[in-house]
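Subject: Structure for you to look at

Hello,

Here is the structure you will be working with. Please open it next to this message and follow along as you read.

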Amino acid sequence: MIPSQVQQPVTLLESVSPYGSRRLTVEYDGLTTAAYLHDDTSPISAAWIANHVPAPASTDQARVEAGHAPVMPAGRTRQPAGRPPLDAGTLEALWFEEGDGVAVLENGRLLAVIPGWADMSRGMPGYSRDVIGQTPFGWSLEDALEGLAPRVDKAGAYWRWRQSPNGWGQFQQALLGHLMPRLGPGAHYWEASAGRQPVVGISERPGVPHRPYTVLSTVGMSCQRMPVVEQVLDDPREYARVELALATTLPSAQAARVFLWLATYPWRAVTWFGPGHSVKWYHEESTFPLGGSTAAGTAAGTAAGAVLLLDSPGSLLGPDAPDLSGFSFGGDPVRWLWIVPISERDRQLAKERGSASLINRLAAQRRSWVVSG
């Protein structure tokens with residue numbers, strides 16, 4: 001007989017993702033322990049971890065409906081007699097490189113994993129070491145180890161490298177070295193992430209005789225994979241890492257402000273940037289750093305308040321775009337996406353009819369991909 005009295009849950013472990021967009025809690029209520037993955041407002045997924053009392057024959061539905069973690073039925077747990085309460089000091093969180101999923105380790109061994117694709121609303125819980133098969137509250141970690149164990153090992157190796165004294169400097173110098181023969185010497189370099197993860201800089205490459213415009217490029221977005229990509233693409237390798245670039249004749253310090261918004265956006269909003277994606281400016285259109293009605297190159301009388309991201313801007317008017325391909329990190333190629341300011345009306349068109357329709361419209365308007373004042 002399971003006691004009906006449930007004590008106030010005690011938090012054994014709490015951890016915020018390196019990018020601040022997800023939070024993990026592991027909670028113990030006297031009968032069970034469970035892990036929860038939260039966004040800014042609420043839990044988005046969970047994984048039952050352990051019973052601490054003998055397992056019942058079936059799920060106590062009333063307990064679940066009351067909002068408590070279930071006591072796993074005997075046929076679904078590897079420890080039907082229950083296990084002693086977990087020691088908080090033995091638990092640690094290991095976040096995936098993307099920051100949208102997390103593993104829970106007990107004494108360095110995998111205890112549970114809540115990957116980025118786990119979603120309670122879609123009946124996809126996290127994975128737990130003590131679960132047998134698939135239940136609404138957790139899936140068997142053992143059954144998924146072939147795919148999850150390499151991900152966890154890779155996450156551990158990534159953060160050890162990222163937190164090493166020379167990790168970021170090695171990446172930064174490699175990327176700046178990649179840009180040098182393609183865009184010429186750098187001038188100003190700005191910090192775009194206010195010292196928080198992911199660390200991203202902005203490199204200014206002034207115009208040269210054969211290129212009468214400045215190129216601004218992020219430096220650091222590709223140092224970590226973007227969230228969500230693996231949830232929407234069968235093979236995320238080609239799209240998991242990006243940098244952003246802007247070709248402009250506007251004052252560089254003004255134009256570079258657009259990166260303060262965009263450079264960390266995928267990890268902050270738990271989303272991804274791909275070719276043809278468009279993003280709405282977060283503030284009033286009058287504050288958009290790439291100009292107003294005509295300065296941004298939009299149609300006359302239409303204020304720019306969004307951006308379109310293109311990997312092949314040559315479909316629009318303007319000179320040939322510099323080829324920035326050839327850089328890779330973590331075994332993945334890095335894709336540069338060029339920023340083209342558009343109006344909110346343009347963004348809605350792309351949303352409703354697809355980016356190809358918008359690109360055709362901009363081309364018909366003889367829009368240039370080089371942003372001018």
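Between which two strands is the loop in which Pro 198 lies? Pro 198 sits in the loop between strand S11 (189-191) and strand S12 (201-205). Please keep in mind that this is a predicted model.

The peptide bond that joins Gln 197 to Pro 198 is cis, with omega at about -5°. Most peptide bonds are trans, and most residues other than glycine have a negative phi. That second point comes up again below.

The chain as a whole

The chain has 373 residues, and 52% of them are buried. DSSP runs give 9 helices and 19 strands. Along the principal axes, the C-alpha atoms fill a box of roughly 80 × 45 × 30 Å. Of the contacts with a separation of 6 or more, 60% are between residues 24 or more positions apart. The accessible surface is about 16300 Å², and carbon and sulfur atoms account for 51% of that surface.

Helix H9 and what follows

Helix H9 covers residues 355-364, and its buried residues are Leu 358, Ile 359 and Leu 362. Seen down the helix axis, the buried residues of H9 fall within an arc of 100°, so they line one face. The face turned away from that buried side carries Asn 360 and Ala 364, which are exposed. What lies over the buried residues of H9? The cover includes strand S16 (304-310), strand S19 (335-343) and helix H8 (344-353).

Arg 345 belongs to helix H8. Arg 345 counts as exposed because its relative accessibility is 52%, and the cut-off for exposed is over 50%. Arg 345 and Ala 303 are 42 residues apart along the chain, while their C-alpha atoms are separated by 9.3 Å.

Arg 366 comes in the segment after H9. Its phi is positive, about 60°, although Arg 366 is not a glycine. With a relative accessible area of 58%, Arg 366 is exposed.

Val 228

Val 228 also has a positive phi, near 75°, and is a residue other than glycine. Where is Val 228 found? Val 228 lies in the loop between strand S13 (214-219) and helix H4 (229-232). Is Val 228 buried or exposed? Val 228 is buried, because its relative accessible area is 17% and buried means under 20%.

Glu 97

Glu 97 is in the loop between strand S5 (91-95) and strand S6 (102-106). At 6% relative accessibility, Glu 97 counts as buried. Which residues does Glu 97 touch, leaving aside those up to four places away in sequence? They are Tyr 19, Lys 154, Ala 155, Tyr 158, Trp 159, Cys 223, Gln 224, Arg 225 and Arg 241. With Arg 225 there is a polar contact: the side chain of Glu 97 reaches the backbone nitrogen of Arg 225 at 3.0 Å.

To go through these points in the viewer, begin with the cis bond between Gln 197 and Pro 198.

Regards

Notes:
Residues are numbered from 1 along each chain as its sequence is written. This is a predicted model: local features need pLDDT of at least 70, side-chain atom pairs count only at pLDDT 80 or more; totals for chains, interfaces and linings use all residues. Side-chain values use heavy atoms; hydrogens and water are left out. Helices (H or I, at least four residues) and strands (E, at least two) are DSSP runs, numbered from the N terminus. Buried means under 20% relative accessible area, exposed over 50%, partly exposed in between (1.4 Å probe, protein chains only). Contact means heavy atoms within 4.5 Å. Accessible areas come from the Shrake-Rupley method with a 1.4 Å probe; for residues, only the protein chains shown count as cover. The arc is that of the directions from the helix axis to the C-beta atoms. A polar contact is a pair of N or O atoms within 3.5 Å; within protein, one must be able to donate a hydrogen and the other to accept it, and residues adjacent in sequence count only if both atoms are side-chain atoms.
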